[in-house]
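Subject: Structure handover

Hello,

Here is the structure I promised to pass on.

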Amino acid sequence: MISFKSVTKTYPNGFKALDKINLVVPENEFVYLIGPSGAGKSTMLRLVFMEEQVTSGEIVIDKYILGQLIESQIPYYRRNIGMIFQDYKLLPRRTVYENVAFALHVMHVPPKKIKQQVNYALDLVGLIGKSHHYPRELSGGEQQKICIARAIVNQPSILLCDEPTGNLDPETSWEIVHLLTKINAHNTTVIMATHDTEIVDGIPKRVIAVEKGRLSRDQVLGTYVE
Amino acid sequence: MTNFNTFIFFLKETFIGFKRSTLMTLIAIATVSVTLIILGLFMLISANLGKVTQDIVSRLEIRLFLKSNLTVEDIQLFRRKLKSIDGVKDVVFINNATAWNKFQDNYSHLNLKEYISENPLPHSLNLQLNRAKDLNSIILYIKRFDTIIDDIVYGGELANRVEIFRRVMFVSGWSLIALLILASLFIIVNTIRLTVMARDEEISIMQLVGATNRFIKGPFLIEGFIIGVFGATIAVGFLYFSYSIIIYQLIEKMPFFPFISNHSTLFYIYGFVLLSGAFIGMLGAYISVSKSLK
């Protein structure tokens, strides 16, 4: 479960990215986070991922009260959350397999189990046949799939997607979103920040709209435009 | 088992790191080598100067000319008393007959026997000291025995100067070694920092997938250690061969100088250089990667 209680985020330059956001996302829900650029969508995801800290208010993720976590606990907290980026953030000089396995190495997973889990994740995203390729040898969609495989390989309870289809063609975008819904069906909460009207309208889910740092709409099975 | 697997992972990551930034690694090793060669050279020079000073100090002696009315028993008793003084290494009795013969031998061209029929020299005692700094206090103590001693002869000013030189050498030597280690550390931190910076993106991705700072630092510390040990080994090799050649020449040309050629002292110096390399390499890597994790 994700809970925002009167969350405000003000940057050092005085810019208020989020203003008293209240929000609850129950377990296993699929949520579209929509809004124009600079509205605060990515800030919300970064706060959940603890890349940034709230200025005031409180965020609770499952058993974690984020404000109470000390710096050394953040890596352990992050292992419960998968994150997908628009620019993939892959290690260019490592193979598909190594990129995905990397997330398990940092968690000290035994080598045998790493192989098993990586193969499962790559099979799920349809890249099992390309595990020895390097990211540069693959298309944008395939690179995003590596990113997804890496995010889900340790079976996190929450998957945060920051405009995952932003750099992809429509056909590949659909493929990615179908993959995300499939992951959601495996008991993973998915929060997807997006600008993609067709996807939001095509696969109706809960829609949370943000504008100028405030929640402007929260709609069950909503559409991109109200 | 987990720790062992993690260590194996660190080792693999370290060698992947070496492979991907071979040039930077070689530059880092060369930097360590050069700085440690300078450090080692300084230590060798410093140790040799120390040995020379120590040698001069060990030759410091106080000559006591004794009153002529003393018996051999009195002299032996006094000798034992002097020997028990703290800081006195040895006390040697020099019989006046032996001294007179030696004197005549030294100045045989003067034909002294013709002019001086009786031995004019008194019995004497030679005091050898452990430390030059004790000289003045020992002289002060000895002067009390004016019923036994006729005259005291010693190189007072020279001894004091040698002692001052030894102290200056000790303080400035270690200060310079500390400075050199700091300078080496600074150079190595910046060289390793370049290899870390080349992997900044990788570090940020590691953080995103939940790697702890300790886990991220692991391979870099091993890398720093290996760079340090490799660099130090090259430095020790260079120092060993060049010192052996140079010292051989010097001993031949100046056999009276007590140059360090025994293996145990050299072993300590080379060991110190090797350990410094490993320590500086690891510390340099730690500082470099810590900067990236901020």
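Predicted model: local features only at pLDDT ≥ 70, side-chain atom pairs only at ≥ 80, totals over all residues.

Helices α8(B) and α9(B) cross in a right-handed way.

Two packed helices are described by the angle between their axes and the distance between the axes. In chain B, helix α8 (residues 213-253) packs against helix α9 (residues 263-293) at an angle of about 150°, and their axes are 7 Å apart. Angles over 145 degrees count as roughly antiparallel, so α8(B) is roughly antiparallel to α9(B). The contact of α8(B) with α9(B) has 21 nonpolar residues, nine polar and two charged.

Next, the nonpolar cores. The largest has 103 residues. Which residues have the most contacts inside it? They are A:Leu33, A:Val100, A:Ala149 and A:Leu160. Helix α8(B) gives the largest share of this core, with 12 residues.

Take A:Val100 as an example. Leaving aside residues up to four places away in sequence, A:Val100 touches A:Val118, A:Ala121, A:Leu122, A:Ile146, A:Ala149, A:Arg150 and A:Val153.

Another core lies apart from the largest one. That core has 12 residues, including B:Ile62, B:Leu66, B:Leu127 and B:Leu129.

Last, the chain contact. Here 17 residues of chain A meet 14 residues of chain B. On the chain A side, the elements giving two or more residues are α2 (74-78) and α3 (96-105). By class, that side of chain A has 10 nonpolar residues, two polar and five charged.

Best wishes

Technical notes:
Residues numbered from 1 in each chain as written. Chains lettered and ligands numbered in written order. Contact = placed C-beta atoms within 7 Å. Helix = DSSP H or I, 4+ residues; strand = E, 2+ residues; numbered from the N terminus. Nonpolar A, V, L, I, M, F, W, Y, C, P; charged D, E, K, R; others polar. Axes fitted to C-alpha atoms, helices over the stretch in contact; angles between N-to-C directions. Parallel < 35°, antiparallel > 145°, perpendicular 65-115°, else oblique. Left-handed = near helix turned anticlockwise from the far one by under 90°. Core = buried A, V, L, I, M, F, W, Y, C linked by C-beta atoms within 7 Å. Buried ≥ 20, exposed ≤ 12 C-beta atoms within 10 Å, placed from the backbone.
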